Amino acid sequence: MKRNTFRSENELYHADTCEPLKSAADRGDLRLAALGRGSYPGTRLPRNGLREILMAGYWSAPSDQDWGLDWHCNEGLEIGYLSAGKLPFGVEQKFYQLKPGDLTITRPWQRHRVGDPHVPACHYSWVILDVGMRRPNQPWSWPDWLLFPKTSLKRLTDLLRQNEQPVWHANREIGRCFERIDEAVALGDGVANQTRLKILINELIVLLAELLESRNPCLDESLTGSERTVQLFLENLHRRLDEPWTLDSMAEACGLGRTHFASYCRKLSNVSPMEYLTRGRLEAAARFLRDQPELSVTEIAFRCGYQSSQYFAKVFRERHGHSPSEHRGRKM
């Protein structure tokens, strides 16, 4: 769900404004109720209260829709629940067909989509909490209004950080909790209702912790490490090739010093960070030249992060042995 523009360790996201969803609600194709911040749809949450709640909402679609939410990430931890119907749900390279009672959990670095590409008739609810992290190697900071003991929160954090499974089948207690959250969302942002919402999210966190503990998930501490963060950065760098990257800025995007970042990069790719970036840029340029003849060489140079077509042509010739224009005319 895209809201304000924000930077994750992987890429720039124009954070979800949920425009397709809002348009469907405006047309009367479904019922949408939400409390949100920024450009999220719904009634505005108070500026100084419940700041960690980025959004809480639900939609109820009585018939198959002609929209879906394309690949995106969130700034916070998103917990969703399907209470009726079915819903295609993709996370990274995996795809799921959600059924009633399924719970979704996505972390900020997990790209996901809702619909394939459209959303069928269903009732889907969600809460997005800002717990202070954007990448796997950052610490989590839960809202201070959670009544969960610190030791229990630490355990829940480990369960969520060291296991990135996005879909679980929930129990009835979680289903009933989401029903009450939906009711609170529908009531709006009154002071008493803010208290009700806070209590219900406390309950949801307790139930989530109990559910995950009961399933005894396999935990992998490496998912929280700096190497994992660099791996995600490199895997998604092709979406940010137009940025003016330097070794320092790439390291900073991963929260690391340049030496450690370069070491992880070489371990994962067998080349230096700048060599990895150059390779990605030139591979993307070759695809543009082959697949998009309407783009000029200068446009392709800029899209791939080169500030001049002359320098781009020089680097391209050094790599391929011929100019970009000549590459475009070659048979593949």
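Before anything else, a definition: two strands pair if DSSP finds at least two bridges between them. Strands (E, at least two residues) and helices (H or I, at least four) are DSSP runs, numbered from the N terminus.

A note on what I'm looking at: this is a predicted model, where local features need pLDDT of at least 70 and side-chain atom pairs count only at pLDDT 80 or more, while totals for chains, interfaces and linings use all residues. Residues are numbered from 1 along each chain as its sequence is written, and side-chain values use heavy atoms, with hydrogens and water left out.

**Entry 1: the four-strand sheet.** I found an open sheet with antiparallel pairing and the order S6-S11-S8-S9. Its edge strands are S6 (69–72) and S9, each pairing on one side only. From one strand to the next, the twist averages 15° (axes are lines fitted to C-alpha atoms, for helices over the stretch in contact, and angles run from 0 to 180 degrees between N-to-C directions). I then checked S8 (residues 87–91), which is joined to S9 by five bridges and runs antiparallel to S9. Within that pair, Gly 90 sits opposite Phe 95 of S9.

**Entry 2: the seven-strand sheet.** This one is open too, with mixed pairing, and I read its order as S4-S3-S5-S12-S7-S10-S13. S4 (43–44) and S13 (167–169) are the edges, pairing on one side only. S3 (residues 31–36) pairs with S4 in the parallel sense over two bridges, and Leu 35 stands opposite Thr 43 there. S7 and S12 run antiparallel and share eight bridges; I noted Leu 82 with its partner Tyr 124 in S12.

**Entry 3: strand S10.** Is S10 buried or exposed? I counted five of its five residues as buried, so S10 is largely enclosed by the rest of the structure (buried means under 20% relative accessible area, exposed over 50%, partly exposed in between, using a 1.4 Å probe and protein chains only). In a regular strand, side chains alternate between the two faces of the sheet. For S10, I listed Asp 102, Thr 104 and Thr 106 on one side, with Leu 103 and Ile 105 on the other, all buried.

Next I looked at the neighbours. S7 is joined to S10 by four bridges, antiparallel; Gly 80 stands opposite Thr 104, and Ile 79 has Ile 105 as its bridge partner. S10 also runs antiparallel to S13, with three bridges, and Asp 102 partners His 169. Helix H4 (residues 191–215) lies across S10 (102–106) and other strands, including S13, running at about 90° to S13.

**Entry 4: Gly 329.** Gly 329 belongs to helix H11 (residues 324–329). Its relative accessibility is 63%, so I put it down as exposed.

**Entry 5: the largest pocket.** I looked up the rule: on a 1 Å grid over the protein atoms alone, a pocket is an open set of points where a 1.4 Å probe fits, with protein on both sides within 12 Å along at least five of seven lines, and lining residues have an atom within 4 Å of a point. Here, 18 residues line the largest pocket, and Val 91, Glu 92, Gln 93, Arg 228 and Glu 235 lie nearest its centre. Which element supplies the largest share of the lining? I found that H5 does, with four residues.

Technical notes. Contact = heavy atoms within 4.5 Å.
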